Structures are given as C-alpha cells and as structure tokens.
Amino acid sequence: MLKSKIFFGLIAILILTSSYAFGQNLVAHWPMNDGAGTVVTETVLGNNGTMVGLNPATAWLAPSGVRFDNVDGHHIEVPHANILDFADVSFTISLLVRYLTPPTDTDRWIIKGTHGSPGTGSRYEVFHTSGGTVRFSIDNGPANSKSKLEVSNLMFMTGDWVHVVAVRDAENDLISIYANGKLQGKTVDKSGDISSGEDLWIGESTDETNTATSGDLDDVRIYDYAMSATEIAAMFDSYGIDAPNKIIWITASNNDSGFVELLEDAGHKVLVEMDTLKDELTEDQQAYLNSVDVVVMSRTVNSGDYNAPTSWNTL
C-alpha cells in the first residue's frame with residue numbers, strides 16, 4: 001500500500017522542556033518502519049516500544065507495519081510516560097489496521113493501563129471484541145466509572161488497510177470512533193480521571209488472556225487533543241488507501257448471493273446486514289447511513305434481473 005507518513009498542517013513543533021504543556025500536539029508516533037530487530041521506534045519523544053514474543057523476521061512488514069500472530073504474550077510494550085497519561089483531558093488515537101481474515105475473538109489493538117487488581121483498573125483502549133464489534137473504552141478504575149463506545153466491525157474488515165481513529169473530547173464529554181475518515185459512532189464520556197501510571201501495549205493486553213491480535217497494525221499515533229472530523233478526513237486522505245468504488249449496505253433479509261457477487265465484481269465493497277431498517281434508526285444504523293455510499297433497503301422482486309434498478313428500493 002502506498003501511503004504517506006507525513007500529515008501536513010497538524011503536527012506542531014515540539015519544544016522539549018522539563019515540563020510539557022498539553023495543546024494540539026502529536027505526542028507519540030510509532031511509524032513501524034524499523035524493519036528489523038525488536039525495537040519499535042517512537043519518533044516524537046523517544047518512547048520506544050519493544051517487541052515481546054514476536055519474531056522480528058516474520059513480524060516486520062515492508063515498507064512498514066507489524067504482523068501479529070495471535071499468540072498470548074506476543075505484543076509491543078511501551079514503558080509508561082506521563083505524556084501518554086491523559087487524566088481528564090482530550091486525546092486522539094490513530095492507527096492503521098488490516099485483516100486478511102476477520103478475527104474470531106478479542107484482538108486488543110492498543111491499551112494503556114490495566115483492567116483491575118493488581119493494577120489500577122484505569123485505562124484507555126481500542127480493540128476488536130469477540131462479539132464482532134470494535135470498542136473504544138476509557139475507565140477510571142478507582143471510581144469505577146467507565147465510558148464505552150461499541151460499533152459494528154463491518155467498516156473495519158475490508159481486507160485492506162483501514163484508518164482507525166478514536167477521539168476523547170473532554171470539552172464536550174464525548175468519545176467517538178472513525179473508520180477511513182467517517183464517523184462510526186459517538187457517546188457520552190463520564191469516566192473522569194483515567195491516569196494509570198502503567199505501561200502501554202500494542203497488540204495485546206497483558207492482564208487478560210486471549211486478547212492477542214491476529215491482524216496487521218501500522219503507523220500508531222497519539223495526539224493530546226480531540227481531532228476534528230475535518231482533520232480526521234484529511235489524515236485518511238493522506239494515506240492514499242485504495243477504497244472500493246462504492247460501499248453498499250444491504251439491509252434486506254431476502255438478499256441473495258448473486259446480487260452481492262454482481263456488486264463485488266463491479267469493484268464495490270458490499271456489507272450484508274441480515275435485517276431491515278426499523279422506523280426509528282438505532283445509533284449503529286445511523287452510523288452506517290453516514291458511512292456508506294448506497295443503502296439497498298430491499299429488493300421488491302426476485303426476478304434474477306440484477307441489473308434492473310426497478311427491482312430495488314434504495315435510499
């Protein structure tokens with residue numbers, strides 16, 4: 001995949017002093033282009049990661065990226081740094097994710113903190129769940145106050161690189177998730193102070209089993225502010241990810257494989273949701289409508305004439 005590693009107009013010049021002021025800064029960037037060895041270089045403040053368990057000979061991808069092997073104990077570990085702890089302030093996580101085969105269990109893409117004793121229980125994390133969803137959650141362990149946003153994994157499982165962005169907007173008490181520049185969902189943030197003083201892991205959470213990632217990750221970034229939708233869309237565009245002609249969501253339960261194959265042969269990405277839209281849209285359904293190009297609500301006839309638009313009801 002051809003992609004730019006430079007995001008023009010967003011990265012402020014960082015002045016390294018004994019006290020680092022929060023603002024609109026890129027505070028961590030793991031380009032994942034080392035290519036050899038176990039060190040995963042962080043290019044902003046030197047918070048390098050280390051491959052644990054992974055075989056560098058097979059884990060490094062060209063020109064960049066890391067292929068994870070879905071084995072417990074295999075991950076990238078980044079030591080705690082205050083700049084990566086966000087207390088009750090805004091932040092943004094950006095990374096590229098690719099699955100050649102969709103995961104069947106929990107894949108922890110990134111986590112800082114822990115889920116409970118003997119750790120603090122405070123954390124932020126983005127991951128694929130065993131239930132076929134993608135989740136962004138932040139947790140104030142001592143106060144037992146958690147914010148969780150969960151969306152369908154359909155827009156994240158394209159077989160190609162997908163740009164994933166998770167945003168905590170502390171000013172407006174919101175958290176949100178984007179896939180390839182498009183909002184997938186948002187919800188209220190009520191977590192409060194999520195400082196943990198604990199390490200950051202990429203590819204697994206070490207205090208739980210069966211969370212090792214089975215896909216590819218690349219270009220992990222953390223910003224100390226809430227990125228706007230416009231900035232996120234521009235960042236996605238900078239990667240040059242080859243998108244399908246159109247993304248089409250089929251909602252009707254009477255969809256048949258011939259119809260899907262016709263659309264796929266034409267170069268479209270087809271998402272099949274074996275359900276019909278209700279009078280009132282759920283949050284997930286509303287997110288789909290905002291994310292896709294065409295929604296096929298139903299086919300009124302099953303004539304086999306898939307090229308006849310009169311046989312479709314579209315929105």
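"Buried" here means under 20% relative accessible area, while exposed means over 50% and partly exposed is in between (1.4 Å probe, protein chains only). The model is predicted, so to speak of local features we need pLDDT of at least 70, and side-chain atom pairs count only at pLDDT 80 or more, while totals for chains, interfaces and linings use all residues. Residues are numbered from 1 along each chain as its sequence is written, and side-chain values use heavy atoms, with hydrogens and water left out.

**View 1. Y99 and W109 make a tilted aromatic pair.** Rings of Phe, Tyr and Trp (its six-membered ring) pair if their centres lie within 6.5 Å; planes under 30 degrees apart are stacked, over 60 edge-to-face, and the rest tilted. Here it's 6.4 Å centre to centre, with 40° between the planes. Y99 has 3% relative accessibility, so it counts as buried. W109, at 0%, counts as buried too.

**View 2. F91 meets F136 edge-to-face.** Their ring centres are 6.3 Å apart and the planes sit at 90°. The two residues are 45 apart and link distant parts of the chain: F91 is in strand 6, F136 in strand 9. (Strands are DSSP runs of E, at least two residues, numbered from the N terminus.) Both F91 and F136 are buried.

**View 3. Ring pairs join four residues into a cluster: F86, F91, Y124 and F136.** The overall count is 7 aromatic pairs.

**View 4. R108 holds its charged end over the ring of F127.** The distance to the ring centre is 4.0 Å. For an Arg, the rule asks for CZ within 6 Å of the ring centre and within 35 degrees of the ring normal.

Methods
Helices (H or I, at least four residues) and strands (E, at least two) are DSSP runs, numbered from the N terminus.
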